[in-house]
Amino acid sequence: MNITKNPQKYLNEEVTLEGWLQGKRGNNHVQFLQIRNSGKIIQVVAEKEKFSEEDFQKIKSISQETSLIVKGILVLSEKTEFGYEIQLSEWKVLGPSMNYPITPKEHGVDFLHNHRHLWLRSRKQLSIMRIRNELSFAIRQYFYEKDYLLLDSPILTGSVGESAGTLFETQYFDEGKAYLAQTGQLYLETAIFAHNRVYCFGPTFRAEKSKTRRHLTEFWMVEAETAFFSNSENLDFQEDFIKSICKTVIQKSSEDLKVLERDVSILESFLEKPFARLNYSEAIEVLQKKGEEISIGEDINAERENILTSELGGPVFIINYPKKIKAFYMKENPENPETVLCSDLIAPEGVGEIIGGSEREENLDKLLSRIQEEGLNPENYTWYLDTRKYGSVPHSGFGLGLERLVAWIAGLPHVRECIPYPRMMERLDP
Ligand code: 4AD
Ligand code: MG
């Protein structure tokens, strides 16, 4: 019997429901128990006249997060979130729960994160995890329908994928150092020669010493790589991808977005119009006009990203950054060799960069010298460089940070609530 999935099937019938007591209210005549099953909260009504005094007192004393089985008739109840309620006739406690730490009163953020294993049961957290689930599924579906092959990239790697500054490393038997993957990109690049269009979707790791609301040390990234694809095709693809998956999630998660009090119309307005595209040098000019002291060659920090999205009224692609502030694999811009063919997609509402993408350097010698310039050991890249030796082709790709997109869609100020168990500089437990 799955009444959380299919309640109409059991309307006006006797049903049993297992679950946990999320909360309860009521008086001496009637008690309303909120029971959680499969992430849904179903109201169970206990009317005193149906029970002995002793039993009614027992019902009244069932404590928060006790697990129980209830039996009763399922009826319509338009005022409740679930739309149906159960008129209680029998109940049985399975596992008691005494002094549950997370009560309906306000708790501090640290306290809640220390109790993350319990906090996941709370109302808003149920919604956030469901939105993440819908988003993950929409992403997989999008790529499946576009004939992209899911190619799972390794997590333990022998070469630096993104930048040497943020590596988690460990000794790997007699083979030297292993790193936790910062990206699956280099492996995807090898796989386009087999499948043309590939993507990976999994955890990635950055030993970032940044305590910001957008940084995790372990985050999920979805990366796509496409053969015979230019940077401008890559931009169009990213825009379609973001618009498509966001619209799907807005539709599928409408109830959860309401629970989070997300004003969906703001989000929808951003998705209706084309995303602004700005050259890096134009972005610097915009910032300078706004009184920022920034010059060509500097990276654009979070605060300045916000200025740009406010000025342009929505998501912004910043295109063709200076070579020296970007990763070694990006293709030199033939029209301005000081820059590379790349893009960052900046989301509005304080979210910041959600995608990094680029065309990849396909010339073996140029790529090799960039690897050397970065102080990386070319011996660790022989396998990667083979892609430029055996049938090199123009190709492009990008990576999207899942938690940042969840934060944007759900209207959450911090990425730490967008992943079940956040890993940050000062948090490894639970
Ligand atoms: O811009 P990044 O570093 O790009 C890459 O890793 C490329 N290899 C992707 C590719 O072209 N295949 O990271 C991509 C995205 C960022 O835009 C951001 O959304 C997210 O990953 N990200 C983080 N999210 C949370 N915490 C962090 N520390 C993050 N670092 C990057
Ligand atoms: Mg980036």
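Tutor: An open sheet of three strands runs in the order β7-β9-β8, with antiparallel pairing; strands are DSSP runs of E of at least two residues, numbered from the N terminus, and two strands pair if DSSP finds at least two bridges between them. This is a predicted model, in which local features need pLDDT of at least 70, side-chain atom pairs count only at pLDDT 80 or more, and totals for chains, interfaces and linings use all residues. Residues are numbered from 1 along each chain as written, chains are lettered from A and ligands numbered from 1 in the order written, and side-chain values use heavy atoms, without hydrogens and water.

Student: Which residue in β9 is the bridge partner of Leu156?

Tutor: β7 and β9 pair in the antiparallel sense over two bridges. The bridge partner of Leu156 in β9 is Leu180.

Student: Is Thr170 buried, partly exposed or exposed?

Tutor: Thr170 lies in strand β8. Contact means heavy atoms within 4.5 Å; leaving aside neighbours within four places in sequence, Thr170 is in contact with Gly176, Lys177 and Ala178. Buried means under 20% relative accessible area, exposed over 50%, and partly exposed in between (1.4 Å probe, protein chains only). Because its relative accessibility is 40%, Thr170 counts as partly exposed.

Student: How far apart in space are Thr170 and Leu180, C-alpha to C-alpha?

Tutor: In sequence, Thr170 and Leu180 are 10 residues apart. In space, their C-alpha to C-alpha separation is 8.3 Å.

Student: Where is Tyr172, and why does this residue count as partly exposed?

Tutor: Tyr172 is in the loop between β8 (169-171) and β9 (177-180). Tyr172 counts as partly exposed because its relative accessibility is 34%.

Student: Is Asn37 buried or exposed?

Tutor: Asn37 is in strand β2 (residues 30-37). Not counting residues up to four places away in sequence, Asn37 touches Thr4, Leu17 and Glu18. Because its relative accessibility is 14%, Asn37 counts as buried.

How values were computed
Helices (H or I, at least four residues) and strands (E, at least two) are DSSP runs, numbered from the N terminus.
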